[in-house]
Amino acid sequence: MTGSGRIPEAAARRGGVAVFLCVTFGVTWIVWAPLVVEAQSGGLGQVPWTFFLGSLGPACGALAASFWEGGRAELRRWARRAFSVRFPARWWIAAVGMPVAYFLIGYGVAAVVSGSWPDLAGFGATDKLPGLAWPLVALVWVVTFGLGEESGWRGWLLPALTRRMPVFWATLVVAAVWIGWHAPAFFFNPTYTAMGAGIVGWILALVTGSFLLSWMSQGARWSIVPVLIWHAGFDLLTAADQSAGVIASTISAIVMAQGLVCAWLLWRNARARRVPAPMLSP
């Protein structure tokens, strides 16, 4: 290793990004393929548990790419960095505080629009996880689309790309990959199949959200713990059945505004060349 703690380009086996993409898309799309076939043949009712299983594709991609680049030693380095809790306390506050703020604002706006506070008995409940109380729903979001996705997107792909380009541009690449990874869901998941022209807003929200999460990950010394918590909290709030409409739209608008600010900050840093590439080893 160099004195800066970064892994020199020559020390790592090349092709890690290609391995990551192949494994990430391969795992998720193979798991989701039967759902697409069943939905297109008119036989898919409730979204099954394999929908959540498919979310682990990016985590599998991160494991495979890390092992490809440096074997078990690189796997250990990746895990120590990605799941480190040695970052400033403000990122713990942000990870928990932002979803709490989204809840208060989103439900407050819904109360103003409808004239009554939404029934908290339905908080977090989704027909994708029938019968589960919201703490269990939250746990599912944490270990699937939280851990499963963030282990790959911000845990491996973003740091790998920032060895080659500023965080701003790396974030756009991650967002493009993230969008493409969701493609099969538009053929079987009712949340996506019902979007119509709303897909434009979804794409904008995902891109701006990607900037927010890049800013958080960078601030947390490239640990994914804060973004994992944030991601699970966001899903808990916006994927709930009662959130469809005002609540989800309000929260998404807030995240888009935050993401635009973070995009500007990352763009400014990219132009000033003040942001170093991530430390890929402790």
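1. Terms for burial come before the rest: a residue is buried under 20% relative accessible area, exposed over 50%, and partly exposed in between, with a 1.4 Å probe and protein chains only. The model is predicted, so local features need pLDDT of at least 70 and side-chain atom pairs count only at pLDDT 80 or more, while totals for chains, interfaces and linings use all residues. Residues are numbered from 1 along each chain as its sequence is written, and side-chain values use heavy atoms, leaving out hydrogens and water.

2. V96 is partly exposed, at 45% relative accessibility, and lies in helix 4 (residues 89-114); helices are DSSP runs of H or I with at least four residues, numbered from the N terminus. Together with V100, L104 and I105, V96 forms a nonpolar surface patch with about 330 Å² of accessible area. Such a patch joins nonpolar side chains (Val, Leu, Ile, Met, Phe, Trp, Tyr) within 5 Å, from residues with over 30% relative accessible area and no salt bridge. Areas come from the Shrake-Rupley method with a 1.4 Å probe.

3. Core. A nonpolar core is a set of buried Ala, Val, Leu, Ile, Met, Phe, Trp, Tyr and Cys residues joined through side-chain atoms within 4.5 Å. The largest one has 72 residues, and W32, F188 and W230 touch the most other members. Leaving aside residues up to four places away in sequence, the contacts of W32 (heavy atoms within 4.5 Å) include F51, F145, W181 and F188.

4. Salt bridges. With a side-chain nitrogen of Lys or Arg required within 4 Å of a carboxyl oxygen of Asp or Glu, the count is three. R163 pairs with E69, the closest N and O atoms being 3.4 Å apart. This pair links distant parts of the chain, 94 residues apart: R163 is in the loop between helix 6 (153-161) and helix 7 (167-181), and E69 is in helix 3 (residues 57-82). R163 is buried at 13%, as is E69 at 9%.

5. The other bridges. R77 and E74 have their closest N and O atoms 3.0 Å apart; both lie in helix 3, three residues apart, about one turn of the helix. R77 is partly exposed at 21%, whereas E74 is buried at 7%. For E150 and R154 the distance is 2.8 Å; E150 is buried at 0%, and R154 is buried at 0%.

6. Cysteines. The whole structure has zero disulfides.

Terms used: Disulfide = S-S within 2.5 Å. Patch = residues over 30% accessible without salt bridge, like charges linked within 9 Å, V, L, I, M, F, W, Y side chains within 5 Å. Helix = DSSP H or I, 4+ residues; strand = E, 2+ residues; numbered from the N terminus.
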